[in-house]
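Here is a short briefing on one protein model. Keep the structure open as you read, and find each residue as it comes up.

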Amino acid sequence: MRARLLLAAATLVAFGASLGSGFHFDDYAIFNHPSLSNLFTLRETRPLTYLTFWLNYTLGGGDPLGYHAVNLAFHLGAVLLAYACLRRLLPERAALAAAVIFAVHPVQAEAVDYVWARSIVLATLLCLASLRAWLDERRWIAVAWFGAALLAKEEVAAFPLVLWWFLPRKDERPALPPILAMLALALAAGLRTIYATAVTPGAPAGLQAGISPARYLLAQGPVILRYLRLLILPYGFTVDPDIPVPPLWLGLLAWAAVAALAILAWRYARWALAGLILLIPSSTVFPAADLAADRRLYFPFLWFAAAASIWLVRIRLAEAAAVALVVLSFFRTQVWMSDRALWSEAVARAPRKTRPKLQLARALPAAAALEMLAKAREDAPHDPAIAAETGRILFAEGQPDAALTEFGRALALAPRDARYLNDRGAALAALGQTAAARADFERALAIDPSLDEAKDNLARLPAK
């Protein structure tokens, strides 16, 4: 009981301030799923996560406190389950040290403090329930928990490989059918994800990620090395890292380094190798628009933490490391308390990247925002998102004529973007050009029938 209270206290000190935070970035997409009927379709790959968002919305509306409380509760649950499992696989001191590191390392801040990242926290919680059932030799219960985890986030699909390879087993034959069932579920989840990202307009992954599988794979060697560096030296975090696709020779060199580390882990630190295996779904060939995201480390990090704990206990530095990590995570969570702090940091860490400037502009007063966007345009003069964001600010400031010019520029650069058509339609409606506005809204909905903003704008127009 004392160890569990220590884990809970450390977790709350590290991340408890997130309860006072608001929404960030993709968090607002949560409100695109206001009804249960939208959750269980072939396009929705994470219905269990969205069910928790729906419950948050039903009980608390748009108050961010409830959403952050659920994220924190899921993380605390994952920490306590991790400890329950680890103490059966490691000596007691190492198990507690691993659970504390997993609980409070600042690399976990994005998964815990960012509401949208709830999916990986929930999936990890359910995978740990599966692990506990497996350790209790309730194999088919473990399969059921893993199936639920895949409904929270498909990124945990490699877990059966770790379960089969890593854990000791008395008799291989009884374990094989449940493992095969898990692998079948993982394959089904993967195929469903490929389908969903192919048919969903604007999906930031798969065929619409904007990068080929080969180029994505080439970039992931440096990305994995960056992840490992953050685990060892927890500095340089950002919500939007600037990860370029490296030249072929550099990408191959990075993968050679990853392979060498995997071989060393195979021989000397099998817990770390399990962590590398769990990175396979997000860091190999299935492309995503974001080449790296710290939240993808959430579940693999447990296994890296276990590897580190063995060494830290041996050299008697586990307690000092835990205290240092709590302090770092406390200050990391302060950055997540406001959009302005979060995106100011991202701009400083990736000064030539456009998206952080766009997001920071939304957190600044209009004059400062327009100045920020002007700087962004100097670096990326042909990026339609800069023109669209400039237009939105001008529109909000009561300048629909100037906004119309910017929306027109955005559409000239991206004529099939439904969001920009909707924006131009709003400006046309404000200028009294109802017929042209209607045409833009209808065209936007023809491209993306799920664009609720265009539906609402069209409904507000006077009847023909």
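**A buried arginine**

Arginine 226 touches Gly236, Thr238, Pro241, Ile243, Ala292 and Asp294, leaving aside residues up to four places away in sequence. The model is predicted.

- Arginine 226 sits in helix α10, which covers residues 213-232.
- Is arginine 226 buried or exposed? Its relative accessible area is 12%. Buried means under 20%, so arginine 226 counts as buried.

**The nonpolar cores**

- In soluble globular proteins, nonpolar side chains tend to be buried together.
- The largest nonpolar core here has 131 residues.
- Which members touch the most other members of that core? They are Leu86, Phe102, Leu131, Val156, Phe159 and Trp303.
- Helix α6 (residues 118-135) gives the most to this core, with 13 residues.
- Leaving aside residues up to four places away in sequence, valine 156 touches Ile120, Ala123, Cys127, Phe146, Ala149, Leu150 and Phe299.
- A second core is separate and has 13 residues. Among them are Leu411, Ala444, Ile447 and Ala454.

**Helices α4 and α14**

- Helix α4 spans residues 92-104, and helix α14 spans residues 318-335.
- Their axes come within 9 Å and cross at roughly 15 degrees.
- Angles under 35 degrees count as roughly parallel, so α4 and α14 are roughly parallel to each other.
- The crossing of α4 and α14 is left-handed.
- From α4, the contact uses Arg93, Ala97, Val100, Ile101 and Val104. From α14, it uses Ala318, Glu319, Ala322, Leu325, Val326 and Ser329.
- By class, this contact of α4 with α14 has eight nonpolar, one polar and two charged residues.

**Helices α17 and α18**

- Helix α17 spans residues 366-379, and helix α18 spans residues 384-396.
- Their axes come within 10 Å and cross at roughly 165 degrees.
- Why do α17 and α18 count as roughly antiparallel? Angles over 145 degrees count as roughly antiparallel, and α17 and α18 cross at roughly 165 degrees, so they qualify.
- α17 passes α18 in a left-handed crossing.
- On the α17 side, the residues in contact are Ala366, Ala369, Leu370, Leu373, Ala376 and Arg377. They meet Ile386, Ala387, Glu389, Thr390, Ile393 and Leu394 of α18.
- By class, the contact of α17 with α18 has nine nonpolar, one polar and two charged residues.

Note on methods. Residues numbered from 1 in each chain as written. Predicted model: local features only at pLDDT ≥ 70, side-chain atom pairs only at ≥ 80, totals over all residues. Heavy atoms only, no water. Axes fitted to C-alpha atoms, helices over the stretch in contact; angles between N-to-C directions. Helix = DSSP H or I, 4+ residues; strand = E, 2+ residues; numbered from the N terminus. Parallel < 35°, antiparallel > 145°, perpendicular 65-115°, else oblique. Left-handed = near helix turned anticlockwise from the far one by under 90°. Contact = heavy atoms within 4.5 Å. Nonpolar A, V, L, I, M, F, W, Y, C, P; charged D, E, K, R; others polar. Buried < 20%, exposed > 50% of the residue type's maximum accessible area, 1.4 Å probe, protein only. Core = buried A, V, L, I, M, F, W, Y, C linked by side-chain atoms within 4.5 Å.
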